[in-house]
Amino acid sequence: MGEFNVHRVRFFNYVPSGIRCVAYNNQSNRLAVSRTDGTVEIYNLSANYFQEKFFPGHESRATEALCWAKGQRLFSAGLNGEIIEYDLQALTIKYAVDAFGGPIWSMAASPNASQLLVGCEDGSVKLFQITPDKIQFERNFDRQKSRILSLSWHPAGTHVAAGSIDYISVFDSKSGSAIGKMLVDRQYMGVSKRKCIIWGVAFLSDGTVISVDSAGKVQIWDSATGTLVKNHLVSNADVQSIAVSPQEDSFVVGTAEGTVFHFQLVSVTSSSSEKQWVRTKPFQHHTHDVRAVAHSPTALISGGTDTHLVIRPLMEKVEVKNYDAALRKITFPHRRLVSCAKKKQLLLFQFAHHLELWRLGSTVATGKNGDTLPLSKNADHLLHLKTKGPENIICSCISPCGGWIACSTASRFFLYRLNYEHDNISLQRVSKMPVFLRSALQILFSEDSTKLFVASNQGSLRVIRLQEGGFTHPRAFQPQSGTVQSMCLLAVSPDGNWLAASGSSAGVHVYNVKQLKLHCTVPAYNFPVTALAIAPNTNNLVIAHSDQQVFEYSIPDKQYTEWSRTVQKQGFHHLWLQRDTPITHISFHPKRPMHILLHDTYMFCLIDKSLPLPNDKTLLYNPLPPTNESDVIRRRTAHAFKISKKYKPLLFVDLLDEKTLVAVERPLDDIVAQLPPPIKKKKFGT
């Protein structure tokens, strides 16, 4: 791999927002996740659980409910009383409708996905018709005495169960009349609680209603008679969420103690046809409240205050050992939050509502391999740049020279000019930015810092020429005819002649920067792109996909390179393909054109294209051979992949120069230390 001086950065104080809701779409095998800051993320479970889309958060949007309808239409509702539909192509909010019932606590789509129900603070249950372009209010159900905290449709669409405080109501969906009420016992561990909150309900095909509540109970009800069939006390704290499998043979609940319980419908005896619900498996993958759960055909999905999205496979449902057979714990976004100005050794960190600019420390000490060198000059926090307004920052970037910073929110685009005088820094905002630059999804500076490339959510690509006083009028690239899709990833060649752009689908387009025309399109691939970069000198485009495949495409020749064809013919090592976090950044060695540097969350890898590829019989994570071995043996055990797992979790890795590497880590313990304290549980022997 070679020797590098590594700047080990741990002062990026990034804390992800907690998970509030999850919604699984069985048709597209996608998972929608909403967080406490209003951010909504879309994960493609068929593409190695890659986070392919996201909608930035907003301070006034406290999402309390999330659901899919009409196949690919996504809705959310929250405490601001609005129902929101998301545009999954442009990655923006399509519209917002006020339900006029106060804060919305729950929402559910009908089984045929043509109607939407919301439960409100004032006790009303409101029915909306889903039209091709919008939603339209249809009628109110009978109003209840307290807020509606949970809703569930009968699979036939004939009835609706609504969880409130101390009782569960059953409605006729056609008339909206309340036809039944089930009172919940307030008793908890022999003590009468003041209120019992029904956090979740599930309506099954046979008329059974399952409820979870603040008294730690999972209760099975007969909706026809309104009687309690079975009571399961599973927790000393609230049971906050429930999800049922599509086959209705199992369900999962999440508790405030961080435990997830799996219930299955099993026969009473081996010879009996009578079945009952039995608690079969507890899982403790969370430290805090499990606020949301989902049940896919092959896995249990949970998320909560500890910010982790956990996918726990059901081994009896997994047929072959592949991506679906591994436990996943997704903590960090699958996009870059760090950018680097190599020439000035600056790092720009992106937070929800501000940016931080740091200058790396330096040392004059020397040492041998593996030594930690003392700093002669500490890292400097140069700038804290806060954006105005309630919107979260979508993307940001610093120019390679360190003289420009650009960032974007959903409605504003900011460009700043930085001036450095000794240890002082001055900031000047460039005014009168064009309106069409708003809601940029990706921003990138050219290598010489004279051009700024902006990808909008409407599928347009624009280039701005930068000058000392500001900028020249932006010019637009001609889009490919017949396609309008948002561009999520950009890469520019070091000579500034080529621009590669990847959309929300799997396609990659290469543009000629001088002519502003489409040069070529990389052959389509089934899995989305996670990272791309253009190599110096050769102008080869390196593309990483979510299934861990890496391709190299020659832009001048408009075809895959010989090395890429060799890789696809032989195949990657099976351990490489089994990694569960995507590659998020690719860079190149400035003096060694055969070297490619890339990283995911738990490793960074230097690929030497001059060496042979490892096969499945070779050690992929190849330890360094003993120094006393001969050169012949060292060459025999060497292969193209040099992997380091010393630094993790990694948010960013790049080469500052030929001998210096910067690695930005975010230890999980540092994140947990900033979370609210979990519920204290009595442990044996303490």
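The model is predicted: local features need pLDDT of at least 70, side-chain atom pairs count only at pLDDT 80 or more, and totals for chains, interfaces and linings use all residues. Residues are numbered from 1 along each chain as its sequence is written, and side-chain values use heavy atoms, with hydrogens and water left out. Helices (H or I, at least four residues) and strands (E, at least two) are DSSP runs, numbered from the N terminus. Two strands pair if DSSP finds at least two bridges between them.

**Sheet β2 to β5**

- An open sheet is formed by 4 strands in the order β2-β3-β4-β5, with antiparallel pairing.
- The edges are β2 (19-25) and β5 (50-55); each has a single partner strand, so one side of each is left without a neighbour in the sheet.
- From one strand to the next, the twist averages 20°; axes are lines fitted to C-alpha atoms, for helices over the stretch in contact, and angles run from 0 to 180 degrees between N-to-C directions.
- Strand β4 (residues 40-44) pairs with β5 in the antiparallel sense over 5 bridges, and Y43 stands opposite Q51 in β5.

**Sheet β45 to β48**

- Another open sheet of 4 strands has the order β45-β46-β47-β48, and its pairing is antiparallel.
- Here β45 (487-492) and β48 (517-522) stand at the edges with a single partner strand each, so one side of each is left without a neighbour in the sheet.
- Neighbouring strands of this sheet are turned by 25° against each other on average, direction ignored.
- β45 is joined to strand β46 (residues 498-503) by 5 bridges, and the two run antiparallel; V492 stands opposite L499 in β46.

- In strand β25 (residues 250-255), 6 of the 6 residues are buried, so the strand is largely enclosed by the rest of the structure. Buried means under 20% relative accessible area, exposed over 50%, and partly exposed in between (1.4 Å probe, protein chains only).
- In a regular strand the side chains alternate between the two faces of the sheet. Both faces of β25 are covered, with S250, V252 and G254 buried on one side and F251, V253 and T255 buried on the other.
- Strand β24 (residues 239-244) runs antiparallel to β25 and is joined to β25 by 5 bridges; the bridge partner of S241 in β25 is G254.
- The hairpin of β24 and β25 has 5 residues between the strands, and E248 there takes a positive phi near 60°.
- Strand β26 (residues 260-267) is also antiparallel to β25, through 5 bridges, and G254 stands opposite V260 in β26.
- The hairpin of β25 and β26 has 4 residues between the strands, with G258 in the turn at a positive phi of about 90°.

**Nonpolar cores**

- The largest nonpolar core has 32 residues, of which L74, F413, L415, I443, F445 and L452 touch the most other members. Such a core is a set of buried Ala, Val, Leu, Ile, Met, Phe, Trp, Tyr and Cys residues joined through side-chain atoms within 4.5 Å.
- Strand β40 (residues 440-445) supplies the largest share of this core, 4 residues.
- Another core, of 25 residues, lies apart from it and has V567, I586, F588 and L620 among its members.
- Leaving aside neighbours within four places in sequence, L74 is in contact (heavy atoms within 4.5 Å) with residues including A32, V40, I42, W68 and Y86.

**Helix α1**

- The buried residues of helix α1 (residues 562-570) are W563, S564 and V567.
- They cover an arc of only 100° around the axis, which puts them on the same side of α1; the arc is that of the directions from the helix axis to the C-beta atoms.
- On the other side of α1, E562 and K569 are exposed.
- The buried residues pack against β51 (550-554), β52 (559-560) and β55 (604-608).
- Just after α1, G571 takes a positive phi of about 90°.

**Aromatic pairs**

- The whole structure holds 22 aromatic pairs. Rings of Phe, Tyr and Trp (its six-membered ring) pair if their centres lie within 6.5 Å; planes under 30 degrees apart count as stacked, over 60 as edge-to-face and the rest as tilted.
- F12 and F351 form an edge-to-face pair, 5.1 Å centre to centre with 80° between the planes.
- This pair links distant parts of the chain, 339 residues apart: F12 is in the loop between β1 (5-9) and β2, and F351 is in the loop between β33 (346-350) and β34 (354-359).
- Both F12 and F351 are buried.
- Ring pairs link F11, F12, Y14, F332, F349, F351 and W358 into a cluster.
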